Number of protein chains: 2
Amino acid sequence: MKIRIPALLVAAVSVLAAVTASAGDEAPRYAPDGRLMFPSGYREWIFLTSGIDMSYSKIAASIGHSMFDNVFVPLEAYREFQRSGRWPENTILVKEARAGSQKGSINRNGKFQTADMMGVEAHVKDSKRFPAGWGFFEFQGEEPAVRIPEAADCYACHRQHGAVDSTFVQFYPTLIGIAASKKTLAPGFTP
Amino acid sequence: MKIRIPALLVAAVSVLAAVTASAGDEAPRYAPDGRLMFPSGYREWIFLTSGIDMSYSKIAASIGHSMFDNVFVPLEAYREFQRSGRWPENTILVKEARAGSQKGSINRNGKFQTADMMGVEAHVKDSKRFPAGWGFFEFQGEEPAVRIPEAADCYACHRQHGAVDSTFVQFYPTLIGIAASKKTLAPGFTP
């Protein structure tokens with residue numbers, strides 16, 4: 001009996017350490033110069049939605065090709081949104097763009113996603129770090145990304161049209177109803 | 001000191017229990033009569049891909065409306081596929097269909113997913129339970145689902161055209177390259 005408790009303890013503490021490491025890996029990390037590190041594990045985060053060729057102007061976003069957007073968020077932030085209808089500090093939303101294709105394998109109609117990556121962007125909540133509360137980043141490959149300046153259109157558009165706290169929750173099917181029921185929709189937001 | 005180790009032990013064992021419970025929740029569960037229970041946590045599984053209005057015949061799948069398909073798999077099965085290029089026993093792939101819309105909020109082009117659910121299907125690997133190795137299920141709401149008979153087209157089509165072991169890995173962008181490098185593509189499969 002003397003040896004069994006310490007052995008179990010060691011095993012259990014190892015699990016604790018692994019769980020902690022996993023949660024930590026999902027938080028935004030920055031290089032010493034403030035650039036955002038590439039969130040390498042985002043494909044294992046919670047999937048929020050995908051769209052195809054979405055555009056907010058009357059001009060189509062893509063000419064002659066199709067592009068899917070997939071949006072992911074870490075589990076911890078997702079759970080907090082389910083609980084409160086709000087994003088916690090250090091929430092990071094990642095949008096991955098992939099080429100869509102119609103012809104491939106046995107597909108004949110509609111579009112499917114391909115292995116052809118067309119870009120990764122991030123939207124990070126950090127009230128201390130970013131004057132606007134959120135920062136936008138666009139990655140080039142997996143290099144750390146410089147923050148997009150706050151004068152860029154994306155900030156004003158998200159602030160003006162985001163359903164919740166500068167984010168487009170109106171396009172996240174599993175969350176928009178929660179925001180409505182928790183009454184965290186932006187003032188004046190209309191679906 | 002006497003009290004500290006048991007307290008830590010209790011805390012650590014609680015975490016172990018929680019981790020085990022979480023993994024268990026992802027395995028397929030069956031009613032006593034063999035119907036598959038609705039996989040209620042699938043939106044927190046690993047996202048494999050989404051497609052829109054995909055059809056394997058020359059006739060469009062949808063007339064007058066659009067539909068997205070989102071495919072999810074539990075983390076454990078995803079990790080095993082990354083390691084070996086094969087799906088382990090008890091793999092469950094869930095396909096969720098959602099209505100797509102073009103007009104909503106500030107969107108003007110392309111399509112986004114809506115809260116309008118149009119169906120949930122599952123594809124489950126269980127060599128002991130299903131003669132074909134895999135079983136297909138189509139849920140009505142969240143009621144347990146009866147297995148689709150093996151004479152249905154879905155079995156033959158998946159067996160004939162699936163890139164890996166009766167599954168359409170050719171449409172899963174993060175996995176098709178793994179299957180190619182692990183040499184687990186079905187004999188005669190052509191992309």
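# Exercises on a predicted model

From the N terminus on, the elements of chain A run α-β-β-α-β-β-β-α-α. Helices (H or I, at least four residues) and strands (E, at least two) are DSSP runs, numbered from the N terminus. This is a predicted model: local features need pLDDT of at least 70, side-chain atom pairs count only at pLDDT 80 or more, and totals for chains, interfaces and linings use all residues. Residues are numbered from 1 along each chain as its sequence is written, while chains are lettered from A and ligands numbered from 1 in the order in which they are written.

## Exercise 1: Chain A in outline

Task: State how many helices and strands chain A has, and what share of chain A is buried.

Solution: 
1. Count the elements. Chain A holds four helices and five strands.
2. Apply the burial rule. A residue is buried if 20 or more other C-beta atoms lie within 10 Å of its own, exposed if 12 or fewer, and partly exposed in between; C-beta atoms are placed from the backbone.
3. Read off the share. Of the 191 residues in chain A, 35% are buried.

## Exercise 2: One face of a helix

Task: Name the buried residues of α2(B) and say what they pack against.

Solution: 
1. List them. In helix α2 (residues 75-84) of chain B, the buried residues are Ala77(B), Tyr78(B) and Phe81(B).
2. Look down the axis. These buried residues fall within an arc of 105°, so they line one face of α2(B). The arc is that of the directions from the helix axis to the C-beta atoms.
3. Check the other side. There, Gln82(B) and Arg83(B) are exposed.
4. Find the partners. The buried residues of α2(B) pack against β1 (46-55), β2 (66-73) and α4 (176-182) of chain B. Contact here asks for C-beta atoms, placed from the backbone, within 7 Å.
5. Step past the helix. Gly85(B) follows α2(B), and its phi is positive, near 75°.

## Exercise 3: Strand β2 of chain B

Task: Describe the cover of β2(B) and its pairing with β1(B) and β3(B).

Solution: 
1. Start with cover. Seven of the eight residues of β2(B) are buried.
2. Two strands pair if DSSP finds at least two bridges between them.
3. Pair with β1(B). The two strands are antiparallel, over six bridges.
4. Pair with β3 (residues 92-101) of chain B. Seven bridges join this strand to β2(B), again antiparallel.
5. Follow Asp69(B) in β2(B). Gly51(B) stands opposite Asp69(B). In β3(B), the bridge partner of Asp69(B) is Ala97(B).

## Exercise 4: The core

Task: Give the number of residues in the largest nonpolar core.

Solution: 
1. Define it. A nonpolar core is a set of buried Ala, Val, Leu, Ile, Met, Phe, Trp, Tyr and Cys residues joined through C-beta atoms within 7 Å.
2. Give the number. The largest has 80 residues.
3. Name some with the most contacts inside it. Among them are Phe72(A), Phe72(B) and Val169(B).

Key
Two residues are in contact if their C-beta atoms, placed from the backbone, lie within 7 Å.
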